[in-house]
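This briefing sets out selected features of the structure shown below. The points are grouped by topic.

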Amino acid sequence: MAIRTQSLHPHPSPLPTREREQSYSKVITGNHAVSYGALLARVQVISAYPITPQTQVVELLSEFCANGTLHAKFIKVESEHSAMAALIGAASAGARAFTATSAHGLALMHEMLHWAAGARLPIVMANINRAMGPPWSVWTDQNDSLSQRDTGWMQIYCESNQEVLDTVLQAYRVAERVSLPAMLVLDAFVLSHTAEAVEIPSQSLVDQYLPPYRAGYKLDVSDPHAFGGLAPPDVYMELRYQIQKAHEAALGEFARADEEFERLFGRRYGLIESYYADDAELIVVTSGTVTSTARDVIDELRAEGHRVGLLKIRLFRPFPIELVRQALMPAKKIAVIDRNIGFGVGGIFAQEIKSALYNAPVRPALFGFVAGLGGRDITPEVLREIVDYAETHQEPEDLIWVGVKT
Amino acid sequence: MIEVRFHGRGGQGAVVASEILAAALFKEGQFVQAFPAFGVERRGAPVTAFLRSDTRPIRRRCQIYTPDMVVVLDPTLIAAVDVTAGLKPHGLVLVNTERPPEDFSQWHDFTVATVPASAIAVEHRLGTRTNPIVNTAILGAFARATGLVRLESILEAIAEKIPAQAERNQAAAQAAYERVVVRSVAMAVQ
């Protein structure tokens with residue numbers, strides 16, 4: 001049952017031809033950067049349920065569908081669980097499928113997230129990082145996406161609106177090559193509702209980068225197969241082994257997708273990115289928009305003579321263990337900033353970094369900071385406080401709460 | 001880097017004003033960032049929006065606490081909200097009001113600009129008499145009072161952001177550009 005969206009408002013006219021044929025820049029929000037990414041990826045089926053702060057993503061996509069700019073089926077559903085279920089059906093039939101959600105919407109999808117990964121469907125989803133309730137919050141933190149860590153989805157954390165648009169394209173390219181779903185993640189409000197200049201590449205360039213999806217196996221009435229049947233103990237484990245192997249292969253595919261992206265579009269991001277980290281005594285580890293503000297702070301601290309650098313974790317699943325080791329081993333100390341809390345343990349990125357370093361020959365002292373939960377602002381002053389703490393303390397600490405009122 | 005804070009009420013278009021200003025500055029080759037106060041907006045409730053503009057890429061992604069300029073879309077907010085909180089010394093306050101800048105003696109440390117944006121919006125049939133939409137008018141006044149952006153860039157950005165009623169909004173911006181009154185800090189000292 002595919003229903004075209006009927007907008008109550010007059011439809012904006014389709015993009016002028018000029019805009020489809022040439023790259024151009026305009027000032028758009030992070031949410032609309034997601035929509036433009038999906039448009040340029042020529043997604044064929046969209047199914048979504050609205051939730052703050054994601055709603056604008058699918059609002060614009062539904063307008064693109066209604067006015068003929070994008071030739072896709074927009075399937076309205078009654079919940080996020082159904083949205084993902086609809087996309088599992090669409091992708092099983094060989095369609096390029098897209099959705100976007102946030103927080104409780106993502107949590108409601110949880111069962112279907114396992115299904116999408118287990119069925120090896122290259123669905124791409126944007127998750128706008130929003131804190132989980134109760135108490136209700138619409139502001140950013142990473143507990144929603146990190147709670148889905150072990151579903152088998154790839155996860156990519158974005159820093160700017162340009163990176164958001166570009167990551168939609170990279171995500172499809174990798175997802176379809178390794179047959180795994182991919183989630184790109186952007187901070188609520190700090191990206192989703194912030195307008196800044198974004199280069200929107202031409203359709204022809206994107207088509208070169210991202211050819212049409214050709215499913216290796218699909219539902220086809222003229223060639224009937226059954227999917228998702230019962231797997232007894234003598235075969236189940238092998239299918240899990242293959243998902244892990246696909247994640248390992250995705251590391252190389254992401255690196256190649258990034259190189260090819262730079263060749264065509266002139267931008268690259270890396271799986272991780274070191275910033276003034278080569279000779280740093282202290283490396284601050286960040287993800288999402290904290291990275292962007294931290295670049296300013298690192299520049300200031302370097303000018304003041306501090307030997308401090310930055311490591312941005314862009315790809316969280318698969319986790320680039322070897323790259324992270326190589327980047328961090330030269331440092332004396334590491335300060336991991338987590339905008340999340342793994343209750344009963346500490347920051348989740350800190351756990352991942354510790355795990356990556358455990359079998360490394362050298363292990364720098366690690367300080368795990370938790371900051372900015374539920375959208376509490378992470379300002380340059382907060383970042384300086386974190387650097388100062390790590391610089392002036394010698395014994396590593398697993399969990400340091402930043403700015404918490406006790 | 002220039003940082004601007006907009007104070008309005010839900011429905012007056014403060015967030016759209018910040019986005020039109022960002023588009024206008026982008027046309028002039030600036031790097032820009034526009035965002036609402038990260039919150040939940042309701043019609044009539046106080047709303048804040050922000051803008052950053054710089055000649056270099058903007059990497060700072062936190063809220064604005066010490067703006068260079070403040071734009072007040074609704075004069076009743078002055079009694080309800082500390083609209084000059086954190087405003088830099090000698091910063092600028094632009095207010096939608098019928099009153100002259102001299103009436104705002106509490107802001108002697110700041111440059112004060114006033115413009116009857118509500119009346120101008122009503123004259124151009126933007127919104128209703130009780131709920132005029134003043135965001136495009138106030139941007140015309142902003143261009144004149146700050147010199148940060150050219151009126152032509154504002155008019156072009158309005159046409160892109162509000163294609164359905166571009167001409168009336170542009171005329172309102174033009175009228176406000178001509179009717180804004182500025183009292184600079186230096187003049188106040190004299």
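Ala350(A) has 26 C-beta neighbours inside 10 Å and therefore counts as buried. The model is predicted, with an ipTM of 0.93 and a pTM of 0.94. For chain B, the average pLDDT is 94, and 95% of the residues score at least 70.

**Ala350(A) and its helix**

- Ala350(A) belongs to helix α13 of chain A, which covers residues 348-358.
- Within α13(A), the residues Ile348(A), Phe349(A), Ala350(A), Glu352(A) and Ile353(A) are buried.
- Beyond residues up to four places away in sequence, Ala350(A) touches Val336(A), Asp338(A), Leu366(A) and Gly368(A).
- On the helical side, the buried residues of α13(A) pack against α7 (143-146) and α12 (321-328) of chain A.
- Their packing partners also include the strands β10 (282-286), β11 (308-313), β13 (333-338) and β14 (365-370) of chain A.

**Domains of chain A**

- The domain assignment divides chain A into domain 1 (24-212 + 225-265) and domain 2 (272-401).
- Taken over C-alpha atoms, the centres of domain 1 and domain 2 of chain A are 27 Å apart.
- Domain 1 of chain A contributes 27 residues to the contact, and domain 2 of chain A contributes 21 residues.
- On the side of domain 1 of chain A that touches domain 2 of chain A, at least two residues each come from α7, β6 (154-157) and α10 (233-265) of chain A.
- The element that gives the most to that side of domain 1 of chain A is α10(A), with 5 residues.
- By residue class, the side of domain 1 of chain A that touches domain 2 of chain A comprises 14 nonpolar, 8 polar and 5 charged residues.

**The largest nonpolar core**

- The largest nonpolar core holds 196 residues, of which Ile138(B), Ala141(B) and Ala176(B) touch the most other members.
- Helix α1 (residues 14-27) of chain B gives the most to this core, supplying 11 residues.
- Because domain 1 (24-212 + 225-265) and domain 2 (272-401) of chain A both give residues to this core, it lies between them.
- In soluble globular proteins, nonpolar side chains tend to be buried together.

Technical notes: Residues numbered from 1 in each chain as written. Chains lettered and ligands numbered in written order. Predicted model: local features only at pLDDT ≥ 70, side-chain atom pairs only at ≥ 80, totals over all residues. Core = buried A, V, L, I, M, F, W, Y, C linked by C-beta atoms within 7 Å. Buried ≥ 20, exposed ≤ 12 C-beta atoms within 10 Å, placed from the backbone. Helix = DSSP H or I, 4+ residues; strand = E, 2+ residues; numbered from the N terminus. Domains from an automatic or database assignment. pLDDT = per-residue confidence, 0-100. Contact = placed C-beta atoms within 7 Å. Nonpolar A, V, L, I, M, F, W, Y, C, P; charged D, E, K, R; others polar.
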